[in-house]
There are 2 protein chains.
Amino acid sequence: MDLHIKTSEKDEYPRRKWARMINSLSGFKSANLIGTINKAGHANLCIVSSVVHIGARPPLMAFVLRPHASKSPRHTILNLKECPFFTINHIGHDFHEKAHQTSAKYSREVSEFEACDLLHEFKGDFKAPFVGESRLQIGLELKEIVDITLNNTHLVIGEILEFYLPQVALMEDGYIDIEALSTVCISGLDGYHSTDRISRLAYAEPDKATRKISVKGDILGR
Amino acid sequence: MDLHIKTSEKDEYPRRKWARMINSLSGFKSANLIGTINKAGHANLCIVSSVVHIGARPPLMAFVLRPHASKSPRHTILNLKECPFFTINHIGHDFHEKAHQTSAKYSREVSEFEACDLLHEFKGDFKAPFVGESRLQIGLELKEIVDITLNNTHLVIGEILEFYLPQVALMEDGYIDIEALSTVCISGLDGYHSTDRISRLAYAEPDKATRKISVKGDILGR
C-alpha cells in the first residue's frame, strides 16, 4: 500500500476532492432511478447509488437521501410525504447518460422525466411512475423514514409490492441475471461501468471447498 | 416486460428461491469484507454486500446486518460491542472465492481469516484487523447501530478514521479508480462480476448536455 490517508487531515483537501474520494470508498454501487409523484400528480425522478437490500420476508429495500433542509428541499422526500408510493428502476447501459442528467438541480415544477427525455410509465393502478426504458422496474410502498442524526441524512425504507422484468432474466432457482439486462453500476460520484460475470458461487459451508455454479445454479466442474 | 410479479404471491415460492429473487432486485452491490475483533483479541471476518456511503463530512459508511437473535448470534455485532472498531476491505477478483467462503456458518471460536486462508494484517495502532489481500482497506470507528424494527435488522454506521490504497488509483480530482484495483461487485446472493468502465460523466447541470469525462476528470470531445 502506497498511500495512508487519515481523515484527521480532511481540512487539507478541497471540498469536492474530499467528497469524490470518500464517495469512492464504498465499492461499486447500484444504479437506480427513484420515481415519485406529488398529490397534484407531478412526477419526480432522481438517480441514487445507495439502494440496499434490507430483507426478503417482508420484501424491503431502502436508499439513503441527503439532508432535507428547507434551503435545499429534497423533492423526493416532499413527494413521499404526499404520496407514499415510489418506484426503483434499474439503470441500463443504453440510457445511463439520461439517468445521470437527473442529478442536475432542476426546480420542483420541472419533471426530470421530461427534462432528461425519459419515458414515464404508469402501470395498472400503481400510483408512482415507472421509467419506461428500465428493464427491471419495482413498485414499493413507503414504510419508514429513519433519520440518521449523525449527519441528518435519511434512510427511506419501502416494501416491495410488485416488480416487472423480462422472463428470460429470471433463472429457475430465483437468481435474476441483471447483467443480461445491461444494468450498470457506479463508482464514486460519476463513474459508470458495465459488468462481466466471473461466476456464481454455491452456498458456502464450513469444511467444504468453494464451488462455482452456472448462471442457472448448476454446480460446475467435477 | 414479460413478467409481473406481485409480492402478495410470495407464499407460492420456495423460501430460498424467493430470497434469491428479492436479493437480486437492488442492482449490483458492493463486495466487502468486514473485519472485527473481540476483547480477547480473537478476529472475525464476514462478507457483506450492503456497504453504503452515508456522508463525506464527517466521513460515514454503513452496512446492514441481519437479525441478531440469541439462536443465531452475529459474531460481528458481538465483537463490535466489545471493541468498537472495524475494517472494510474491498474484495478483489483474485481472492473473491476465499471472500465468499467467509459466509459459511463457522462457530465463533473459528477465525474466518484462518479458515478461509486470508491474511489478517494489523497496521499501526488500529485495533481491528485488515485483510492483507485487499487493495483498498478502510479503518472505522463504530458510531451508531440503528435498529430497523420492520424486520429486526441493524444498520451499523461507522466513521472512517483512515484508509490505505495504491497511489496510482487516486486521481488528482479525488476519484478513486477502483476498477484498476480489480474490485468486484455482486449480484443477488452469489453472483460475482468484474467491471468495464463505460465513462465518467461531468457534474450535471440543468440546460447543459451530459458530458463524458476521462478517468482523470478531463472533459472529453469537443
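Guide: A charge sits over a ring if NZ of Lys or CZ of Arg is within 6 Å of the ring centre and within 35 degrees of the ring normal. The model discussed here is predicted.

Visitor: What makes B:Arg200 a charge over the ring of B:Tyr175?

Guide: The charged end of B:Arg200 is 4.1 Å from the centre of that ring and sits over the ring; the limit on distance is 6 Å.

Visitor: Which ring does the charged end of A:Lys123 sit over?

Guide: The charged end of A:Lys123 sits over the ring of A:Phe130, 5.9 Å from its centre.

Visitor: Why is the pair of A:Phe130 and A:Tyr164 called edge-to-face?

Guide: Their centres are 5.6 Å apart, with 80° between the planes. Rings pair if their centres lie within 6.5 Å, and planes over 60 degrees apart count as edge-to-face, so the term applies.

Visitor: What parts of chain A does this pair tie together?

Guide: A:Phe130 lies in strand 9 and A:Tyr164 in strand 11, so the pair joins parts that are 34 residues apart in sequence.

Visitor: Why is A:Tyr164 called buried?

Guide: Its relative accessible area is 9%, and buried means under 20%. A:Phe130, at 0%, is therefore buried by the same rule.

Visitor: Why is the pair of B:Phe126 and B:Phe130 called tilted?

Guide: The angle between the planes is 40°. Stacked requires under 30 degrees and edge-to-face over 60, so this pair is tilted.

Visitor: How do you know that the two copies are related as by a two-fold rotation axis?

Guide: Chain B can be laid on chain A by a turn of 180° and a shift of 0.0 Å along the axis, with an RMSD of 0.0 Å. The copies are thus related as by a two-fold rotation axis.

Methods. Residues are numbered from 1 along each chain as its sequence is written. Chains are lettered from A and ligands numbered from 1 in the order in which they are written. This is a predicted model: local features need pLDDT of at least 70, side-chain atom pairs count only at pLDDT 80 or more; totals for chains, interfaces and linings use all residues. Side-chain values use heavy atoms; hydrogens and water are left out. Copies are superposed by least squares on the C-alpha atoms of residues with pLDDT of at least 70 in both. Rings of Phe, Tyr and Trp (its six-membered ring) pair if their centres lie within 6.5 Å; planes under 30 degrees apart count as stacked, over 60 as edge-to-face and the rest as tilted. Helices (H or I, at least four residues) and strands (E, at least two) are DSSP runs, numbered from the N terminus. Buried means under 20% relative accessible area, exposed over 50%, partly exposed in between (1.4 Å probe, protein chains only).
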